[in-house]
Amino acid sequence: TPLNKINLHLRGGTIIPTQQPANTTVYSRRNPMGLLVALNDSNPAGASGDLFWDDGESYNSILENKFLHVRFTASANGVNCIPDTSPVPAPSPPSHWAYLPYDIIDVFGLNLPDTPTVKA
């Protein structure tokens with residue numbers, strides 16, 4: 001690995017949410033989200049991961065219920081996003097989680113046919 005790069009080792013069976021950084025949290029939250037999915041050959045359940053997303057401003061986001069908790073699961077059949085907890089206040093764009101698109105989803109450890117198809 002070149003010295004200007006950082007290795008990232010993912011254990012099979014994990015899903016890590018990603019987002020491009022920016023100069024401030026406000027601008028960073030406007031960037032699309034992504035997922036790194038590392039499937040596990042020895043686990044038929046595939047992979048799982050979590051995302052905790054708060055409002056970025058409150059000190060007591062959990063006590064004030066200003067957060068989102070999402071559970072991601074993946075298998076060879078697809079990737080699922082299941083919100084476990086969602087905030088009570090109405091979403092206010094553009095930095096609210098409900099308005100963030102998912103841009104790139106990288107799936108590792110998947111045996112694909114010669115011509116894969118994508119359903120979006």
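Residues are numbered from 1 along each chain as its sequence is written, and side-chain values use heavy atoms, with hydrogens and water left out. Because the model is predicted, local features need pLDDT of at least 70 and side-chain atom pairs count only at pLDDT 80 or more, whereas totals for chains, interfaces and linings use all residues.

**View 1. Overview of the protein chain, with 1 helix and 6 strands.** Helices (H or I, at least four residues) and strands (E, at least two) are DSSP runs, numbered from the N terminus. Along the sequence these elements follow the pattern β-α-β-β-β-β-β. The chain has 120 residues, of which 22% count as buried; buried means under 20% relative accessible area, exposed over 50%, and partly exposed in between (1.4 Å probe, protein chains only). The accessible surface comes to about 8,800 Å², and 53% of this belongs to carbon and sulfur atoms. Areas come from the Shrake-Rupley method with a 1.4 Å probe; for residues, only the protein chains shown count as cover. Among contacts (heavy atoms within 4.5 Å) with a separation of 6 or more, 45% are between residues 24 or more positions apart.

**View 2. Helix 1 (residues 25-28) and Ser28.** The predictor's confidence in each residue is given as pLDDT, from 0 to 100. The average for the protein chain is 80, and 80% of the residues score at least 70. Confidence is lowest in helix 1, at a mean of 80, and highest in strand 1 (residues 14-19), at 93. Ser28 lies in helix 1 and counts as buried because its relative accessibility is 15%. Leaving out residues up to four places away in sequence, Ser28 touches Gln19, Gln20, Pro21 and Ala22.

View 3. Ala47 is buried, at a relative accessible area of 5%.

**View 4. The 2 aromatic pairs.** Rings of Phe, Tyr and Trp (its six-membered ring) pair if their centres lie within 6.5 Å; planes under 30 degrees apart count as stacked, over 60 as edge-to-face and the rest as tilted. Phe52 and Phe67 are stacked, at 5.4 Å centre to centre with 25° between the planes. This pair links distant parts of the chain, with Phe52 in strand 3 (residues 47-54) and Phe67 in strand 4 (residues 67-75), 15 residues apart. Phe52 is partly exposed at 43% relative accessibility, while Phe67 is buried at 13%. The pair of Phe72 and Tyr102 is edge-to-face because the planes stand at 70°, with ring centres 6.2 Å apart. Phe72 in strand 4 and Tyr102 in strand 6 are 30 residues apart, and this pair too links distant parts of the chain. Phe72 is buried, with a relative accessible area of 1%, and Tyr102 is partly exposed, with 34%.

**View 5. A nonpolar patch on the surface.** Val79, Tyr102, Ile105, Val107 and Leu110 form the patch and together have about 350 Å² of accessible area. Patches are made of residues with over 30% relative accessible area and no salt bridge; like charges are joined within 9 Å, and nonpolar side chains (Val, Leu, Ile, Met, Phe, Trp, Tyr) within 5 Å. A salt bridge is a side-chain nitrogen of Lys or Arg within 4 Å of a carboxyl oxygen of Asp or Glu. Strand 6 (residues 102-108) gives the most to the patch, with 3 residues. Ile105 belongs to strand 6 and is partly exposed, at a relative accessible area of 41%.
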